[in-house]
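Please read this briefing alongside the sequence and the 3D structure. It moves from the sheet to the nonpolar cores and then to selected residues.

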Amino acid sequence: MLVGALPRLYVLLALLGLVPVFVAGHATLGSLAITLGAVLFIAAAFDAICGESPRVAATWLAWRALRPILAAADAKAKAPVTTDTRSTAGSCGPALQAHHLGFMHAGRPSPTIQDCSLTIDRGDRILLEGESGGGKSTLAGILAGLHTPATGFVLAGGLDRHTLGEQAWRREVAMAPQYHENHIFAAPLSFNLLLGRAGPHTVQDMQQARQVCMELGLGPLLERMPAGLDQLVGDTGWRLSQGERSRVFLARALLQGAGTVILDESFAALDPENQQQCADCALGRAGTLLVIAHP
């Protein structure tokens, strides 16, 4: 309407305003010509101004969409900066505490988790087994902060997620979800490995990523890749096998540097030899470890 209607509407109204003067014959032909030229000149100016209105509107809409992102980035910039990727909560006391948790999936007739309380001490190595559909992954998601419980609360280092904030919570708890809930992005392998670390990634980050890959048995993969850690992987790059993807997910969780690491069936796609190698790596690198598996 601004581009097409407003300039034409102005011309129409201006010409209608000239009709009484023209009919009465009070104006000379020269004055009418000058007036008509002025009308057309102003109409051209209107047309130029209105022609820019879509760009102005697009700019405004883009600003509205980006404003929350920019505000979040500004808030992050003002927050205290730390290069320590280890746990930031208190070093004493339990690593995780859950109190009277309850959770119900949409469409389910009964709650998946009901009145669940537990304590995971620092340095614990816990194996959680159970039948499929028993709520193991749901509980892991609540402990990692991926799900919000309907009742109860979770503490990491004695503080809840709201008090710690999302960034600090991720330094407390890292999780490798199940295979079908995890993703390899069309990006360099190093990007996929170091997703849990703030960029730009340093030489030390890359060295640690390579070391973890070697410990998880991904050394032969790095040797085959022409670009090594910089090799593009994913649907438009180097295709990873299911076992290789599982180990990338495991490495991603371990490289996050969290005090507690939760692995949800991370060893299911691995043969016994690779299972043992990956388990040894997880046990050696995770301060507190919770592994979920089928019996």
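Two strands pair if DSSP finds at least two bridges between them; strands (E, at least two residues) and helices (H or I, at least four) are DSSP runs, numbered from the N terminus. In strand S8, isoleucine 262 has leucine 290 of S9 as its bridge partner. This is a predicted model, in which local features need pLDDT of at least 70 and side-chain atom pairs count only at pLDDT 80 or more, while totals for chains, interfaces and linings use all residues. Residues are numbered from 1 along each chain as its sequence is written, and side-chain values use heavy atoms, with hydrogens and water left out.

**The sheet**

- Four strands form an open sheet in the order S3-S9-S8-S5, with parallel pairing.
- Strand S3 (125-129) and strand S5 (173-176) each have a single partner strand, so one side of each has no neighbour in the sheet.
- On average, neighbouring strands of this sheet are turned by 15° against each other, direction ignored; axes are lines fitted to C-alpha atoms, for helices over the stretch in contact, and angles run from 0 to 180 degrees between N-to-C directions.
- Five bridges join strand S8 (residues 260-264) to strand S9 (residues 288-293) in the parallel sense.
- Helix H4 (residues 136-144) packs on the sheet and touches S3, S5, S8 and S9, where contact means heavy atoms within 4.5 Å. The direction of H4 makes about 145° with that of S5.

**Nonpolar cores**

- A nonpolar core is a set of buried Ala, Val, Leu, Ile, Met, Phe, Trp, Tyr and Cys residues joined through side-chain atoms within 4.5 Å; buried means under 20% relative accessible area, exposed over 50%, and partly exposed in between (1.4 Å probe, protein chains only).
- The largest core has 33 residues, and Leu189, Leu193 and Leu263 have the most contacts inside it.
- Among the elements that give two or more residues to this core are H7, S8 and S9, and H10 provides the largest share, seven residues.
- Another core, of 22 residues, lies apart from it and includes Leu139 and Trp169.

**Selected residues**

- Serine 190 lies in helix H7 (residues 189-193) and counts as buried because its relative accessibility is 9%.
- Leaving out residues up to four places away in sequence, serine 190 touches Met206, Leu229 and Asp230.
- The structure holds zero disulfides, a disulfide being a pair of cysteine sulfur atoms within 2.5 Å.
- For cysteine 213, the nearest cysteine sulfur is that of cysteine 281, 9.4 Å away.
- Cysteine 213 is buried, with a relative accessible area of 1%.
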